[in-house]
Amino acid sequence: MRFMDTLNIFLKPNSSGNATALTTLCPIMNRVVDGESSVDITRERCLRLPIHEESPLAKVPNTYLARLFILDNVFYESLPGGDSVFNFSEITSIFSDKARLGALPQKDQLKSKYLVFSSNFHGDLDAYLRGMWDKWSYDDNGQQRDVRYIWENCVAFDGVTDSSSFISYMKRCQLNSALFFNGSTDDSLQEQLKALYLKQEFSKFAAANQGKSAADLQEAYKAFIDQVQPSNLSGPSWVPGQCEP
Amino acid sequence: MTQNLDLTDIQGNIVKAYGSFGFFKARYLFLRVDNGDKGRDFVARITSKVTSAERWSKSSAPSVTTNMAFTYSGLEALELPTASLIGFPEDFVMGMSKRKVILGDDGPSDPEHWDKIWQEESVHIWISINGKSIEDVEERYQWVSKQIDATGGVSLLKGHRGEDAFGNPSDDLPYQDASILYDENGMPSSKEHFGYTDGIGDPVFEGQTNNEKRVIGRGKLTSEGEWVPLATGEFILGHLDEAMEYPHTAPRPDLLSNNATYMVYRKLHQNVGTFNKFLDEQSKVFPGGKELLAAKFSGRWRDNGAPLVHTPDEASKADWDKKFAAADVPTQKKMLTDFTYNEDIEGAKCPVSAHIRRINPRGSLEYGVKGAFNTPGALVDRRRILRRGLPYGKAKDQTSDDGNHGIIFMVLNADINRQFEFVQQQWINYANDFKLGNDKDVLLGNHSAKCPGKVVFEVEPGSGKPPHFVKNIPRLVETRGGDYFFIPSITALKMIAGGIIDPT
């Protein structure tokens, strides 16, 4: 890795060119209403989010890839049996069982469960979070849901009333992504979707027109360009969330 | 050091492709076990005639062979101990029809369209009779029928599609017959219904042969570019595999699984009319002509199996043919298998999508980066499959798909999921490993009308020539039935028959 790349991990921890990584851990209220916990309600709302083109994340501008899940607890990796000190005490046996077990690391537990949101997107964080507040919407059996429906059971989310309070809430919950790897280019989503569309259409064009004379091919190519409009990002293209041609 | 296998303990069909020993006719029987005790008695009787892998001399070769295998429910019906049954792998326990999503058996290949015999979950035993003549097969079949009658604990299952003895179509035949195809002069050929020469590049594993020449192009590639036999454990349980481990698919006890293997039985109908029409239509727009186009689909020329990588055009093919005609048989075999894709990484000669390159990329997954893996074939050596089987039926009308003709395709491997299912899912019906997106194998892919397939024939970079696209590929092969079977050793057959398997 080049020196500047290494340095950037520390200077700009959540960026890779024009791509940004966001990870937030929002604590969920430890509350039960009518026999249902806030965690279970939030989990079910996440699981029932529509996917692909219907996903609310397809409406949030510039989302490359995002996921929501509940972090129930930290992962427990069993007793550190290979620890050299532990083995040493096994051999000498001069300590009581209680003392030896007491010397093991304590098992960590989370105090609450967390709603984890992780997203890779194009552009800057404030603009992206504003897009989440403004554009996140989906139909839930006839009811329109906005972004609050997923987050409303999180601790202190009741203080969120507008886009700027949403932005500062999410930033308070943000973790740095020090080793961010962006799986695509860092172009805007519109440009990436247009590129995917053009690639698919061009391979169809190549297959459909093989063997034609230079003049006919040029004619067909002109028609193809008129149809696909390569420089028109809002013209024919894939839509966000689309997974098949 | 070369491994010595217990050839008298291993069933013969694992080590030998009977077709290449002059056994041109086969009959496959499927039975249900109705009663454990009587079923085991039946297994004992058949075991007395099961053919081992013992080497044959001219005088010791039999005129007919018999082999036997079981589905998971068959082993249950024969009352194997629970401690043994729970050791079988998930793929084998589920059986082939329930693996349809992995295998791409959809549309016309969906199990709901399979032969009637596969519509019930009662196929327990597979018996294969291979004979030098149909009379030999018939005689052994009559003997098996007698054992069925004598024991009374098993039923021969009907429900194969085909033609009866009078040539009338039937969907309720009591067995599946198969046979090599004969040329227009009535001479035996190694062709299948699309006209390709079949059964050339089967893998070779340690202990199978003492003939080093047979390993060339069929074993595994070393870093030095030499061919050596694959580890026995890729094909036979109880032996070390390419990961230097004993296969994880072996049930307990060792005596049940040692020298056994798993078999995939697939009846594949060939849409001969569609294939011929497709080939004719596509060759009109393909500059190299019809036979080169057919060769580009498979990676070998149809007439004699010449590998495209050595015969990329008419001129080189003509030279190769001359040498081939003048060569002795061992040299001919070497000419058919001795090649890699190292000089053709781009696929300009043999397309990356060609059938034989997909199922055995021969080190080309290093993409020309020497030393990318421990050995050039590291990604291939764990995905090899032994192919057995013969064509069935006759394609009487070359312009029609109707009728019953295709291939009884049998795969032998130690791990159905890691080997056969992987090849089928990733290399036949998908091509990400070959950097070809979701293009499918032209001949075997599950192409659909909704999303018609395409493949690309690459050209030499910098040649100024355009690549060639083959588009709107129809489904050329349809699955008509099959299942997953366990082929035990002869020792294990005796133990199953005796009800004396002790997994403790």
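## Helix α15 of chain B

α15(B) is followed by Gly499(B), which has a positive phi, near 60°. The model described here is predicted.

The helix itself spans residues 490-498 of chain B. Its buried residues are Ile490(B), Ala492(B), Leu493(B) and Ile496(B). Viewed down the axis of α15(B), these buried residues fall within an arc of 155°, so they line one face of the helix. An α-helix has 3.6 residues a turn, so residues three or four places apart point the same way. What do the buried residues of α15(B) pack against? Their partners are α2 (36-47), β2 (64-70) and α8 (254-257), each in chain B.

## Helices α6 and α8 of chain A

In chain A, helix α6 (residues 125-135) packs with helix α8 (residues 163-172) at an angle of about 120°. Their axes lie 9 Å apart. Angles of 65 to 115 degrees count as roughly perpendicular, and those over 145 as roughly antiparallel. That makes α6(A) oblique to α8(A). The crossing is right-handed.

From α6(A), the contact uses Asp126(A), Leu129(A), Arg130(A), Trp133(A) and Asp134(A). From α8(A), Ser163(A), Phe166(A), Ile167(A) and Met170(A) take part. By class, this contact of α6(A) with α8(A) holds five nonpolar, one polar and three charged residues.

## Contact between chains A and B

Six residues from chain B and four residues from chain A form the contact. On the side of chain B that touches chain A, the largest share comes from strand β14 (residues 468-473) of chain B, with three residues. That side of chain B divides into three nonpolar, one polar and two charged residues.

Note on methods. Residues are numbered from 1 along each chain as its sequence is written. Chains are lettered from A and ligands numbered from 1 in the order in which they are written. This is a predicted model: local features need pLDDT of at least 70, side-chain atom pairs count only at pLDDT 80 or more; totals for chains, interfaces and linings use all residues. Axes are lines fitted to C-alpha atoms, for helices over the stretch in contact, and angles run from 0 to 180 degrees between N-to-C directions. Helices (H or I, at least four residues) and strands (E, at least two) are DSSP runs, numbered from the N terminus. Angles under 35 degrees count as roughly parallel, over 145 as roughly antiparallel, 65 to 115 as roughly perpendicular and the rest as oblique. A crossing is left-handed if the near helix is turned anticlockwise from the far one by less than a right angle, and right-handed if clockwise. Two residues are in contact if their C-beta atoms, placed from the backbone, lie within 7 Å. Ala, Val, Leu, Ile, Met, Phe, Trp, Tyr, Cys and Pro count as nonpolar, Asp, Glu, Lys and Arg as charged, and the others, Gly among them, as polar. A residue is buried if 20 or more other C-beta atoms lie within 10 Å of its own, exposed if 12 or fewer, and partly exposed in between; C-beta atoms are placed from the backbone. The arc is that of the directions from the helix axis to the C-beta atoms.
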